[in-house]
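Q: I am new to this structure. Can you walk me through how to read its features?

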Amino acid sequence: MSAVLEARNIDKFFRKPVEYHVLKDISFVLPEGQFTSIIGKSGSGKSTLLYILSTMDTDYEGSLYLKGDLITGSSYKHLASLRNEYIGFVFQFHYLLLEFTVLDNVMLPALKLGVKSVEEIRYDAMEKLRMLHIDKLALKRASRISGGEKQRVAIARALINNPAILMGDEPTGNLDSYNSENVFQIFKQLREEEGLSLLVVTHDQDFAHRTDRILEMEDGRIINGN
Ligand SMILES: Nc1ncnc2c1ncn2[C@@H]1O[C@H](COP(=O)(O)OP(=O)(O)OP(=O)(O)O)[C@@H](O)[C@H]1O
């Protein structure tokens, strides 16, 4: 299996208010098509690591490879375009534009990428909504749908550019057990049917134990699963 993402010797320091060594020599490989979860106590560095892996945070030491290419040191603009093309991200909170329709929210990252026509993008967005069983909501305003539905729209939006990796920071953290299970099943289906690689930070032990691999963090290090 080839690596979709690889971290080599990642260290990170927060300098303020006092110097704090938050990530310590983190190395790991995310193979293509693997569903990996990252667990660990609060404050162990999970979110900090995920933000580096997703290219949103560039203030670190070490090297990051995306599909075999070194991306550490790339310009902000280049990283933004890599991110838009290869990495989908789902947060604990959906961050949808509530005044826009569900369909508009899902189309937005593809319009930003600017590769396809608006018609093609609308077609793709409807496909994603169908896959997540929320196509009936397409023309509703995002403010008018439930929390579980909003998270599914956020997943559809994260998938619109057919990313190589889907990352999530506590994507079920704000959902009840029914909707959490629903999100887990969607992720599993994406891995099984689309071959997507997934990397998810979670506090939910049950969720983590059903993924392919668990990376456990403690005090800024990976202590298990590598
Ligand atoms: N901007 C910052 N400046 C200084 N310290 C920070 C900053 N952001 C996070 N930290 C500290 O770094 C450590 C790791 O934070 P991080 O959010 O990565 O942990 P986490 O494992 O994701 O925790 P949680 O499970 O609570 O989300 C914590 O001790 C946190 O207080």
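A: Start with a sorting rule. Ala, Val, Leu, Ile, Met, Phe, Trp, Tyr, Cys and Pro count as nonpolar, Asp, Glu, Lys and Arg as charged, and the others, Gly among them, as polar. Keep in mind that this is a predicted model.

Q: How many nonpolar, polar and charged residues does the shell around the ligand have?
A: The shell has three nonpolar, seven polar and one charged residues.

Q: Which residues are around the ligand?
A: Phe14, Tyr20 and Val22 are in the list, with Gly40, Ser42, Gly43, Ser44 and Gly45. Lys46, Ser47 and Thr48 complete the set around the ligand.

Q: Which element gives the most to the shell around the ligand?
A: Helix 1 does, with three residues. Strand 2 and helix 1 each supply at least two.

Q: Now the sheet. What is the order of its strands?
A: The order is 2-1-4-5. The sheet is open, has four strands and pairs them antiparallel.

Q: Which strands stand at the edges?
A: Strand 2 (20–31) and strand 5 (69–70) do. Each has a single partner strand, so one side of each is left without a neighbour in the sheet.

Q: How many bridges join strand 1 to strand 2?
A: Eight bridges join them, and strand 1 covers residues 3–14. The two strands form a hairpin, with five residues between them. Look at two positions along the pair. Phenylalanine 14 has tyrosine 20 of strand 2 as its bridge partner. Alanine 7 stands opposite phenylalanine 28 in strand 2.

Q: Which strands does helix 1 touch?
A: Helix 1 (residues 46–53) packs on the sheet and touches strand 1, strand 2 and strand 4 (61–66). The direction of helix 1 makes about 125° with that of strand 1.

Q: What describes two packed helices?
A: The angle between their axes and the distance between the axes describe them. Take helix 3 (residues 102–113) and helix 4 (residues 118–131). Their axes come within 9 Å and cross at roughly 125°. That angle makes helix 3 oblique to helix 4. The crossing of helix 3 past helix 4 is right-handed.

Q: Which residues make the contact?
A: Helix 3 uses Leu103, Val106, Met107, Ala110 and Leu111. Helix 4 uses Ile121, Arg122, Asp124, Ala125, Lys128 and Leu129. Apply the sorting rule again. The contact of helix 3 with helix 4 has eight nonpolar, no polar and three charged residues.

Technical notes. Residues numbered from 1 in each chain as written. Predicted model: local features only at pLDDT ≥ 70, side-chain atom pairs only at ≥ 80, totals over all residues. Pairing = 2+ DSSP bridges. Contact = placed C-beta atoms within 7 Å. Axes fitted to C-alpha atoms, helices over the stretch in contact; angles between N-to-C directions. Parallel < 35°, antiparallel > 145°, perpendicular 65-115°, else oblique. Left-handed = near helix turned anticlockwise from the far one by under 90°. Near = placed C-beta within 6 Å.
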